[in-house]
Amino acid sequence: MAPADQAPPTTHGLEADAVSAWFGRRKVLDRVSLDMPAGQVTALIGPSGCGKSTFLRILNRMHELVPGAALAGEVRLDGVDIYHPERRLTDARKSIGMVFQKPNPFPAMSIEDNVLAGLKLTGTRVSRGDRDALVEESLRRAGLWDEVKDRLKQPGSALSGGQQQRLCIARSLAVRPEVLLMDEPCSALDPTSTRVVEDTITEIAREVTIIIVTHNMQQARRVSDRCAFFLAAQGTPGVIVEHGETQAMFDDPIDQRTADYVNGRF
Ligand code: ADP
Ligand code: MG
């Protein structure tokens, strides 16, 4: 029997089912279906402009906020449609957090207030007595506690880029999401900070389902269990060419276009 920490996931995780997306009349995603199993890291790879960020925003109901944007298909979290009319936007936001390419802590806000900021935005209540413990736990999970525990009142802007990104991860984790979406979270970071953030991802992946967009093939190999290769041929909407277990996709891709892309021939 597998040890407890390697037990198979008991929930479905996120499922995208025939998702298409438009900006105005322009279709940018065409019937994208992808299972993103609970407790695993799924990497979305592919050239710029093929719809990876759009797909990520659809998973978090941010796409619907863009004027003129439209959507078809279904997204389910643990089997439940996140776009169901009875599901509130804040519920989706609470269960599905997001971290962006450019670290975006609130610069004037203290480190600890930054950690707690997501709670306000999602309407999550935490008693005053529990706040300190939540700040510590979230910063620990993001691998930042030891570096900031003596300076929690300093502004978020006092931190380095890599620390700011981990602060943003802590801010997301404080809401206790089931899923964390990460859009090129290391693209703005130096190699050392990148490795620290990768370690954080690997660490939290046991408890949180992670979907990460990355242009770094080594990173996709290092952090992800599964991979999906997006591609948009000239003038056509983005599709998934191939998806599967990361190692298989890198070592033995089925589609020649995948082989070319993962080997840098693009
Ligand atoms: P990727 O993240 O893979 O680089 P995006 O999802 O950002 O791709 O973009 C997919 C396509 O949608 C691109 O052609 C882009 O120009 C277009 N697009 C993205 N955001 C918008 C927007 N807000 N309005 C109009 N078109 C957009
Ligand atoms: Mg993008």
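**View 1. Pro-37 in the loop between strands S2 and S3 of the predicted model.** Strand S2 covers residues 26–36 and strand S3 covers residues 41–45, and Pro-37 is situated in the loop that separates the two. Because 17 other C-beta atoms lie within 10 Å, Pro-37 is classed as partly exposed. Asp-78 is 41 residues away from Pro-37 along the chain, yet the C-alpha atoms of the two residues are separated by 9.4 Å.

**View 2. The open sheet of four strands.** The strands follow the order S2-S1-S4-S5 and pair in the antiparallel sense.

**View 3. The hairpin of strands S1 and S2.** Strand S1 comprises residues 14–23, and its antiparallel pairing with S2 extends over seven bridges. Val-19 has Val-32 in S2 as its bridge partner, while Trp-22 is placed opposite Lys-27 in S2. Two residues lie between the strands of this hairpin, and Gly-24 in the turn shows a positive phi of about 60°.

**View 4. The pairing of strands S1 and S4.** These strands run antiparallel and are joined by eight bridges. Among the residues concerned is Asp-17, whose bridge partner in S4 is Glu-74.

**View 5. The surroundings of ligand 1.** The residues around ligand 1 are Phe-23, Val-28, Ser-48, Gly-49, Cys-50, Gly-51, Lys-52, Ser-53, Thr-54 and Val-66. Helix H1, formed by residues 52–59, gives the most to this shell, contributing three residues. Sorted by class, the shell holds four nonpolar, five polar and one charged residues.

**View 6. Confidence of the prediction.** The chain has a mean pLDDT of 93, with 96% of its residues at 70 or more. For the complex, the predictor reports an ipTM of 0.98 and a pTM of 0.93.

Conventions: Residues numbered from 1 in each chain as written. Chains lettered and ligands numbered in written order. Predicted model: local features only at pLDDT ≥ 70, side-chain atom pairs only at ≥ 80, totals over all residues. Near = placed C-beta within 6 Å. Nonpolar A, V, L, I, M, F, W, Y, C, P; charged D, E, K, R; others polar. pLDDT = per-residue confidence, 0-100. Buried ≥ 20, exposed ≤ 12 C-beta atoms within 10 Å, placed from the backbone. Pairing = 2+ DSSP bridges.
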